[in-house]
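Here are my notes on the model you sent over.

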Amino acid sequence: MLLKKSLMSVLLGSLLAFGASAHAESVLKVVPQSDLKILDPIWTTAFITRDYGYAVFDTLFGVDVKGKVHPQMVDSYTTSADGKVWTFKLRDGLAFHDGKPVTSADVIPSIRRWGQRDALGQRLMAAVDSMTATDDKTFVLTLKQPFGLVLEALSKPSSNPPFIMPKAMAETPADQQVKGTIGSGPFIFKADEYRPGERIVFLKNTNYVPRKEPADGTAGGKVVNVDRMEWVVQNDPQTAANALAAGEVDMLEFMPPEQYKALADNPKIELETQVPSGSYALHLNRLVPPFNNVKIAQAAIMAVNQEALLRAGLAHKELYNANASIYPTGSMYQSGKTSYFTGKPQFEKAKALLKEAGYKGEPIVLMNPSTFPVLNKFPTVMAALLRQAGFTVDLQSMDWPTLVTRRASKAPADQGGWNAFITGWMFADNFNPLYYAPMTGTGEKGWFGWTTDEKLEQLKTDFMNASTDDERKKLANAIQERAYDAAVFAPIGEYKPLTAYRKGVVTGLVKSPVQVYWGFRKN
């Protein structure tokens, strides 16, 4: 009898232990904004890859929700009196997912590679005389001349953040994608469970040592409170909303605008703003015909009708607002000095420009990410507007990862290239002209579109060297006007980004300039 009781106790204890372990794993299921097919956050500015980057990798510095810079992987730093020598010391406990420590030998090539791709990084690298490691945890950045935005560059929150990678990955040529997925961030990417188009899986990095400060934006303690995070790819807004309402997923990173009323009226769903604001823009390929002619590019910009585009894309007036400035509404540099651009269609002026420029009806290849609900309403309307302005338009549909890959092509549009596409940006991208990836006049060294404009680049240099807010404000205005005159891109307007999640089940959202996943709890 005693043996039976003892055996029963053992069995009961085993069952209880099994039950506890079976239910101990917490899984956060998220519908991300799009599918993830590019795993190199330095090679592309796509937000989905950037978000993957923040999960898997880490940065030397971060920014809080107000944009203030804070050390992240860095423990301490000093600056010489003349501003030319910066010495950084890494904090204790930094290790890659394979257990190897993060060292200065990893940091230096990571900065170099980022500095070849990112516009602000290119400017920093042009000012750098040398980067050297004094020991495994200490590295020195020596400048040829003072550079006033060293910390702002190393903490750049978006488009592109300077993520730190293992030396072997960081030494990948900047025009090629890295092969590995090992970082030192708070999540570990499960490469063996990677199913593009279906599911992307991350595990909590149990060896990650977060900072002790509270999480704030991309700064502070990146504390992961779930064991597993699954990104469930779902391109249909109705299906995604139904899955959230049914509890099949826990969160929609971007609330589908067409489901706004249904989700807002559901007492089991919470809608919250994690990221301050977002915007959309029309981007033109200035490298190949016909937009290599600035007058033809200006005519395309004149065709923009912000209200019509926003209404089609976001449906509900409370979710969007027009803004002819390239800078966010209410931000320091928002300006009404927009040259010829009004955000309203100017078809007759556009037609006159096309005639003057000798446009002969060459088809404009406008790429449409048809499976990406966040963007796929805009191109159809933009195509109609361009036709009204006198253009011949070839609207070509593809998924978002294909568009992101194709936009890197510099071939003519009829040889696999492109002429135009529309994408979104966040407050973190465009509140500062030196942060804004498409604001480049460096030709083929710049962002997709490859505008060449020395005057724009000089204005950005003057902005960087300005010593007062008033000077920067004047230069920001001049940069905006020059961006329109050079026909770099055209803003389509702004949107209110909302994250939808199960009320009372998901908590801990961290306010941030960009989407981040630390802090969340699954109750």
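**Notes on the model**

1. Setting aside neighbours within four places in sequence, K511 is in contact (heavy atoms within 4.5 Å) with V65, D216, G217, E272, T273 and Q274. Please keep in mind that this is a predicted model, where local features need pLDDT of at least 70, side-chain atom pairs count only at pLDDT 80 or more, and totals for chains, interfaces and linings use all residues. Residues are numbered from 1 along each chain as its sequence is written, and side-chain values use heavy atoms, with hydrogens and water left out.

2. Where does K511 sit? Its place is in the loop between β22 (506-507) and β23 (521-522); strands are DSSP runs of E with at least two residues, helices are runs of H or I with at least four, and both are numbered from the N terminus. K511 is partly exposed, at 37% relative accessible area, where buried means under 20%, exposed over 50% and partly exposed in between (1.4 Å probe, protein chains only).

3. The side chain of K511 also reaches the backbone oxygen of T273, at 2.5 Å. A polar contact here is a pair of N or O atoms within 3.5 Å; within protein, one must be able to donate a hydrogen and the other to accept it, and residues adjacent in sequence count only if both atoms are side-chain atoms. The C-alpha atoms of K511 and V275 are separated by 6.5 Å, although these residues are 236 apart along the chain.

4. Now for the whole chain. Its secondary structure comes to 16 helices and 23 strands. The radius of gyration is 24 Å, close to the 24 Å that the globule rule gives for 523 residues, so the chain is as compact as a globular protein of that length. That radius is taken over C-alpha atoms, and the rule is 2.2 Å times the number of residues to the power 0.38.

5. Of the 523 residues, 58% count as buried. Among contacts between residues at least 6 apart in sequence, 72% join residues at least 24 apart.

6. Lastly, is T59 buried or exposed? At 2% relative accessibility, T59 counts as buried, and this residue lies in strand β2 (residues 58-59). The T59 side chain reaches the backbone oxygen of F61 at 2.8 Å. Not counting residues up to four places away in sequence, T59 touches Y54, Q72, M73, P162, F163 and K222.
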